[in-house]
Amino acid sequence: MSIAITTQFICFTVLSLVVIIGALGVVLLESIVYSAFLLGGVFMSVAGLYLLLNASFVAAAQVLVYVGAVNVLIIFAIMLVNKKEDLKPINDIKSRRVISTSICLTLLSLLIRVDLTNVWSLSSPQNSIGEESTIRIGEHLFSDYLLPFEVASVLLLMAMIGAIVLARRDVMTKDISTGLPVDQELIEKSPEPLLTNKN
Amino acid sequence: MNLESIPLQAFLIVSSALFCIGIWGLLNSRNAVRVLMSIELMLNAVNINLMAFSSYVDNNLIQGQVFTIFVITVAAAEAAVGLAILLSLYRNRVTVDMESFNLLKW
């Protein structure tokens, strides 16, 4: 093995360990804030894996969109809804845990079996395209993937408007179609504001 | 062991493990924010899979990378709408406990 391959192996091992351990931390840690920051680490390591696959554009997009937007959004949501609350105990939590863990392990073994036993039709020179991939992505986006590209912009606009409408504070007091007053018990449970003054 | 590069199976196993961790978190989390984070983990696992295949199987027409771009777009939209739904749920129920969101329970 040449030194370049060895370096690739070391990078891959470190990155995949960070991904797996970080993901375990995201789902297992008690504090949701630690989970959110570990999630950022997982996203960064996934971007590193993309760099190992010679995809610098997608790695940059991953860092910008996931770490820069999604993770920050999650941290803001935690900041808005973070309230210490004593969760009600569930009486059959043990059996639920056992069932879900066994389902996940079965699925994992199935997937790994498929990964290892299937014969993939690999193309002979791997990663031959290299740094040209950004140009190829641009050609794809403006030729054969033009319609999904345009639909994605409409989707983003819809998501933006939908998020604004859903997160607005004012609620309607009258039903639009019937004109009857809306059952406020269902809509607004608490009159207290979201950001309460602690001191 | 004489390998020319990292085998494709290594990427596939990492993404399988990440996907299963995401499913476990989705099924077992009480906090709704953590459920959203688990969904993001699963989407990332799918992205790793697509990227690995586009690099190892289809390395001239890198369609997997284009698909990954689209998945990232949809994931960003999903996160925004999901967190808006979460905020409005929190406003109505004053909790983020998944067990208390049972209005549609049969």
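**Where α3(A) meets its partners**

α3(A) and α3(B) pack at about 5°, with their axes 10 Å apart. That makes α3(A) roughly parallel to α3(B). Angles under 35 degrees count as roughly parallel, over 145 as roughly antiparallel, 65 to 115 as roughly perpendicular and the rest as oblique. Axes are lines fitted to C-alpha atoms, for helices over the stretch in contact, and angles run from 0 to 180 degrees between N-to-C directions. Helices (H or I, at least four residues) and strands (E, at least two) are DSSP runs, numbered from the N terminus.

This is a predicted model: local features need pLDDT of at least 70, side-chain atom pairs count only at pLDDT 80 or more, and totals for chains, interfaces and linings use all residues. Residues are numbered from 1 along each chain as its sequence is written, while chains are lettered from A and ligands numbered from 1 in the order in which they are written.

Which residues meet here? From α3(A), they include A:Val58, A:Val65, A:Leu73 and A:Leu80. From α3(B), they include B:Ile69, B:Ile72, B:Leu83 and B:Tyr90. Two residues are in contact if their C-beta atoms, placed from the backbone, lie within 7 Å. By class, this contact has 19 nonpolar, three polar and no charged residues. Ala, Val, Leu, Ile, Met, Phe, Trp, Tyr, Cys and Pro count as nonpolar, Asp, Glu, Lys and Arg as charged, and the others, Gly among them, as polar.

Now turn to another partner. The axes of α3(A) and α2(B) come within 11 Å and cross at roughly 170°. That makes α3(A) roughly antiparallel to α2(B). α3(A) brings A:Val58, A:Val70, A:Ile74, A:Ala77, A:Ile78 and A:Val81 to this contact. α2(B) answers with B:Val33, B:Leu36, B:Met37, B:Glu40 and B:Met51. Ten of these residues are nonpolar, none is polar and one is charged.

**The wider interface**

Step back to whole chains. 77 residues of chain A are in contact with 69 residues of chain B. On the chain B side, α1, α2 and α3 each supply at least two residues. α3(B) gives the largest share, 25 residues. That side of chain B holds 43 nonpolar, 19 polar and seven charged residues.

The largest nonpolar core has 69 residues. Such a core is a set of buried Ala, Val, Leu, Ile, Met, Phe, Trp, Tyr and Cys residues joined through C-beta atoms within 7 Å. A residue is buried if 20 or more other C-beta atoms lie within 10 Å of its own, exposed if 12 or fewer, and partly exposed in between, with C-beta atoms placed from the backbone. A:Val42, A:Ile74, B:Val33 and B:Leu41 are among the residues with the most contacts inside this core. The largest share, 14 residues, comes from α2(B). In soluble globular proteins, nonpolar side chains tend to be buried together.

Leaving aside neighbours within four places in sequence, A:Val42 is in contact with A:Val19, A:Gly22, A:Ala23, A:Val26 and B:Leu41.

**Other spots in chain A**

A:Leu155 lies in helix α6 of chain A. It is partly exposed, with 17 other C-beta atoms within 10 Å. It touches B:Val74 and B:Ala77, not counting residues up to four places away in sequence.

A:Ser100 sits in helix α4 of chain A, residues 93-117. With 16 C-beta neighbours inside 10 Å, A:Ser100 counts as partly exposed. Beyond four places in sequence, A:Ser100 is in contact with B:Trp24, B:Leu27 and B:Asn28.

What about a loop? A:Asn54 lies between α2 and α3 of chain A. It is buried, with 21 other C-beta atoms within 10 Å. Its phi is positive, about 65°, although it is not a glycine.

Chain A as a whole has seven helices and zero strands. Buried residues make up 22% of its 199 residues.

**Confidence**

pLDDT is the predictor's confidence in each residue, from 0 to 100. Chain B averages 88, and 96% of the residues score at least 70. Within chain B, confidence is lowest in α3(B), at a mean of 90, and highest in α1(B), at 94. The model scores ipTM 0.92 and pTM 0.86.
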